[in-house]
Amino acid sequence: MAGYLLRRLIQSTLILLGVSFVTFLLLYVLPADPVRQIAGRSATAQTVENIRAQLGLDQPMLVQYGRYLAGLVQGDMGRSYLQKTEVATLIAARLPASLLLMAGGIACELLIGLTLGIVAAVFRGRPLDQGLMVVSFVAVSAPQFVVGLLLLYVFAVQLGWFPIGGYGTAAHLVLPALTLGIMGSGWYSRMMRSSMVEVLRQDYIRTARAKGLGRARVLIRHALPNAILPIIAMIGIDIGIFIGGIVVVESVFGWPGIGQLAWQAIQRVDIPIIMGVTMVSATAIVLGNLLADLITPLIDPRIKLR
Amino acid sequence: MMTTHTATAPSGATAALLSVRDMTVSVRDRGVVRPLVAGLSFELYPGETLAIAGESGSGKSITSLALMGLLPNNVTVTSGQALLDGVNLPDLPEARMRAWRGAKLAMIFQEPMTSLNPVHTIGSQMTEAIRAHEAVSRGAARSAAIEALRRVRIPEPERRMKQYPHELSGGMRQRVMIAMALALRPALLIADEPTTALDVTVQREVLDLLRELQAETGTAIILITHDMGVVAESADRVVVMRQGRMIESAPVDTLFTAPKQEYTRALLSAVPRLGSGAARAKPLPPTASVPVARLVGAQVHFDIGANFLGRPTHRVHAVEGATLDIQPGETFGLVGESGCGKSTIAKALVGLVPHAGHVEVDGKALGGLTSLGRRQICRDVQMVFQDPMAALDPRMTVGEAVAEPLLIHGIGTAAERHARAADLFARVGLTQDQMTRYPHEFSGGQRQRICVARALALKPKLIICDESVSALDVSVQAQVLDLLEELQAEMGVAYLFISHDMAVVENVVDRLAVMYLGQIVEMGTRDQVFGNPQHSYTRRLLDAVPIPDPQRKRPPQPQRPGDLPSPIWPIGKAPARVHLRDIGDNHLVAQEA
């Protein structure tokens with residue numbers, strides 16, 4: 001187990017190293033010039049060159065990357081070009097909001113998706129199943145900004161149940177989390193349905209029924225743990241898609257998270273922030289996958305980590 | 001078809017426990033109602049074993065599910081009655097049926113490997129069954145479960161309670177299933193092919209066990225099986241079914257000595273019997289200078305486990321020093337229980353697993369071959385597997401499937417390949433117009449014929465039949481075996497015939513090797529091994545084969561403590577090699593400690 005963890009952590013570090021290099025390279029070859037953004041349009045060529053030298057952007061790409069990496073190892077993610085603040089400080093201030101949104105989104109996604117999937121599987125082939133699968137298809141196809149605006153209009157503007165935007169209370173979280181979770185819930189309901197249908201066909205389900213167990217117990221104790229196994233691995237992978245969603249949802253709802261930070265930074269070519277957000281997201285994805293792999297053997301005794 | 005119920009209660013009881021009267025079970029498929037079981041009637045008395053025998057599609061499993069109230073949604077009992085203690089089971093509302101299921105009537109299934117939930121411990125699955133019916137504490141349920149495990153002779157029941165199903169062998173799992181089914185002392189136990197998936201020695205143990213438990217508890221058993229040997233050994237009375245209808249119902253002795261119906265006679269005569277092989281006189285093919293296949297001290301090992309550095313900790317000694325040769329035109333049998341390495345030898349012969357030692361095909365050593373040379377070997381050795389449905393691509397017409405080996409090896413033009421495939425179809429008893437159909441349109445026996453045709457396409461010198469007839473009904477099995485024999489006489493192909501069924505092996509092979517834990521423990525001609533078995537394991541295998549003759553009931557065989565020993569050893573250790581001794585005319589027997 002300790003050996004497994006150690007190896008996975010080494011793997012993870014290598015993955016993050018790769019991500020940092022590729023992102024750095026992409027930003028380097030980008031035609032947009034960050035120095036122009038900092039200096040403004042009226043700056044003289046001399047000023048521009050001075051700023052470039054000051055930021056070290058006149059160095060070869062590998063030297064720049066080496067410096068960045070050296071900083072990163074010491075916990076220094078650099079300074080924002082435009083906000084003149086440590087990137088680490090900026091991210092630390094906004095990360096909790098994003099993590100909260102993400103947790104809310106995953107909760108919505110699983111709660112809605114798994115429930116619909118289980119219900120559809122139990123009523124497979126019947127009208128309810130077909131109806132739910134249409135609903136899930138709509139959920140998968142609806143773009144998040146449309147869903148977000150629709151929810152805002154109905155529940156915040158018309159009904160006034162939830163605040164229109166902002167951050168702070170539980171009520172603020174509901175609509176953004178729902179927006180973030182709906183698309184995934186469509187995916188998960190379909191996956192859960194097929195996984196559950198497969199499990200319900202298994203011999204051990206027949207055994208459980210032959211023992212005289214009630215339907216609910218067969219479903220929850222015998223079918224669910226087996227059906228959810230492939231879903232867990234999926235959640236780990238899904239965190240990447242989620243981070244993309246966060247950028248959209250935070251913009252729609254004015255949620256003060258790293259998605260907004262990233263969006264602003266991209267518009268202004270603020271490379272240290274883009275790098276910082278990318279690295280934090282990549283870390284989240286890597287850790288999410290590791291976590292999913294660690295949870296699986298807790299449910300399935302046949303899987304041993306080594 | 002009317003049948004007379006001549007049987008009376010064996011133990012003097014007057015009332016039938018279960019009385020099935022003119023029961024019809026139908027499936028509704030797209031609005032069409034079609035009967036799966038029609039007009040079935042039988043009675044079962046306390047303490048009695050009734051066998052329902054029949055081939056696949058006879059409706060025997062549907063009957064058992066109907067009694068348990070576990071039919072699929074679109075299948076229902078459409079007429080007739082099934083009275084258990086006077087209560088009509090199909091009329092029982094689900095809530096009351098649920099209370100009876102597992103308590104008053106219990107069931108065990110064919111596949112012990114998949115019938116237990118992989119994510120729960122044996123203990124939790126057993127106590128759950130008990131607590132579903134009796135308001136007892138966790139602790140009391142636990143003791144009852146341990147007691148039930150002890151009753152089915154599971155060693156160390158306390159430890160088993162904490163184990164998961166995958167940590168137990170198939171035989172152990174079936175014991176757990178039996179313990180679970182009998183924990184609440186049901187009046188009726190339905191055993192649906194309970195030993196079909198088990199090795200023959202384990203089958204014998206499980207059947208013995210069921211008989212003993214029945215004597216202890218007085219449970220009535222419905223034994224559903226396709227195996228007439230199992231019927232003869234275990235049943236008091238027999239119902240023979242075919243295509244959903246009851247053909248014949250009779251006490252077991254009467255059925256075997258004086259079957260009334262033509263179908264029953266055909267079924268009985270198709271059963272391969274141990275001891276009948278000797279009647280088939282066929283001279284051994286002469287020993288050729290170059291055998292089609294030869295193994296000398298062949299080894300196949302798989303490394304498993306991983307330590308801190310990811311290095312393996314254990315090694316499976318799947319094949320440990322096997323030496324044998326297969327002559328042109330002969331049928332060489334390889335027998336032994338699951339995990340003994342017989343299929344691994346087959347894989348080594350076609351290069352599917354890496355091996356050590358010497359393995360050669362048609363005089364060419366497999367080790368150190370180039371990929372081109374290995375491809376050439378593939379032309380000489382072909383395989384026919386157990387499950388023909390799984391062995392055929394469902395999206396390829398069977399004509400394409402048979403012609404594919406020619407395509408892969410770039411032989412002939414499209415027209416020539418088609419002509420060759422058509423020839424092969426005719427040869428295995430199929431017609432040319434069937435070539436454009438897909439595998440699902442054929443029966444199991446026809447599919448296996450297609451697989452044989454495909455194996456023949458490259459005119460191989462050796463065909464490996466790995467349990468090729470095990471999944472087929474006995475009548476179909478006999479036809480496929482006849483076909484294989486004809487093809488051999490005609491083309492001189494050699495077979496490596498791998499099977500767990502000793503009776504089938506005796507009927508088809510010229511020579512054979514008995515494998516145990518990766519090593520050959522006895523080898524010789526059919527007459528030597530079957531007529532004069534020397535190694536204790538060979539005898540044990542032969543003794544375990546059920547005899548389709550109810551007059552010859554055998555005493556229970558002595559219980560083997562626990563499971564088979566394992567072929568898994570820590571790295572650095574290896575099992576002791578057995579030494580084969582020639583006791584005359586190349587009859588090789590391992591010396592026993």
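Colleague: In E17(B), what is the bridge partner of B:Met383?

Modeller: B:Ile464 is the bridge partner. Bear in mind that this is a predicted model: local features need pLDDT of at least 70, side-chain atom pairs count only at pLDDT 80 or more, and totals for chains, interfaces and linings use all residues. Residues are numbered from 1 along each chain as its sequence is written, while chains are lettered from A and ligands numbered from 1 in the order in which they are written.

Colleague: How many bridges join E16(B) to E17(B), and do they run parallel or antiparallel?

Modeller: Parallel, with 4 bridges joining E16(B) to E17(B). Strands pair here if DSSP finds at least two bridges between them. The element names come from DSSP runs, numbered from the N terminus: helices are H or I with at least four residues, strands are E with at least two.

Colleague: Which strand do 5 bridges join to E17(B)?

Modeller: That is E18(B), residues 494-499, and the two run parallel. In that pairing, B:Ile463 stands opposite B:Tyr495 of E18(B).

Colleague: How many residues of E17(B) are buried?

Modeller: 4 of the 5, so E17(B) is largely enclosed by the rest of the structure. Buried means that 20 or more other C-beta atoms lie within 10 Å of the residue's own; exposed means 12 or fewer, partly exposed is in between, and C-beta atoms are placed from the backbone.

Colleague: And H16(B), how many of its residues are buried?

Modeller: 12 of 13, so H16(B) is largely enclosed by the rest of the structure too. Among the buried ones are B:Arg447, B:Arg449 and B:Arg454. Ile450, Cys451 and Val452 of chain B are also on that list.

Colleague: What do the buried residues of H16(B) pack against?

Modeller: Strands E16 (381-384) and E17 of chain B, plus helices H13 (388-391), H14 (398-408), H15 (414-427) and H17 (474-491) of chain B. Contact means C-beta atoms, placed from the backbone, within 7 Å.

Colleague: How far does H16(B) reach from its first C-alpha to its last?

Modeller: 19 Å, close to the 18 Å expected at 1.5 Å a residue. The expected span is 1.5 Å times one less than the number of residues.

Colleague: What lies in the loop between H16(B) and E17(B)?

Modeller: B:Lys459 lies there. Its phi is positive, about 50 degrees, although B:Lys459 is not a glycine. B:Lys459 is exposed, with 12 other C-beta atoms within 10 Å.

Colleague: Which other residue has a positive phi, near 45 degrees?

Modeller: B:Gln243, again a residue other than glycine. B:Gln243 is in the loop between E9 (237-242) and E10 of chain B. B:Gln243 counts as partly exposed, with 14 C-beta neighbours inside 10 Å.

Colleague: New topic. What is the strand order in the open sheet of chain B?

Modeller: E6-E7-E8-E3-E9-E10, 6 strands with mixed pairing. E6 (105-108) and E10 (245-251) of chain B are the edge strands, each pairing on one side only. Neighbouring strands are turned by 15 degrees on average, direction ignored.

Colleague: Which helix packs on that sheet?

Modeller: H6(B), residues 170-182, touching E6 and E7 of chain B. The direction of H6(B) makes about 175 degrees with that of E6(B). Axes are lines fitted to C-alpha atoms, for helices over the stretch in contact, and angles run from 0 to 180 degrees between N-to-C directions.

Colleague: How many bridges are there between E7(B) and E8(B)?

Modeller: 5, in the parallel sense. B:Ile190 has B:Ile222 of E8(B) as its bridge partner.

Colleague: Over to chain A. At what angle do H5(A) and H11(A) cross?

Modeller: Roughly 130 degrees, with their axes coming within 7 Å. That makes H5(A) oblique to H11(A). Under 35 degrees counts as roughly parallel, over 145 as roughly antiparallel, 65 to 115 as roughly perpendicular, and the rest as oblique.

Colleague: Which residues make that contact?

Modeller: Leu90, Ile91, Arg94, Leu95 and Ser98 of chain A from H5(A), with A:Ile258, A:Gly259 and A:Leu261 from H11(A). By class, the contact has 5 nonpolar, 2 polar and 1 charged residues. Ala, Val, Leu, Ile, Met, Phe, Trp, Tyr, Cys and Pro count as nonpolar, Asp, Glu, Lys and Arg as charged, and the others, Gly among them, as polar.

Colleague: Last one. How many residues does the contact take from chain A and from chain B?

Modeller: 22 from chain A and 27 from chain B. On the side of chain A, H1 (2-29), H9 (203-210) and H10 (215-253) each supply at least two residues. H9(A) gives the largest share, 7 residues. The side of chain A that touches chain B divides into 7 nonpolar, 7 polar and 8 charged residues.

Definitions and conventions: Two residues are in contact if their C-beta atoms, placed from the backbone, lie within 7 Å.
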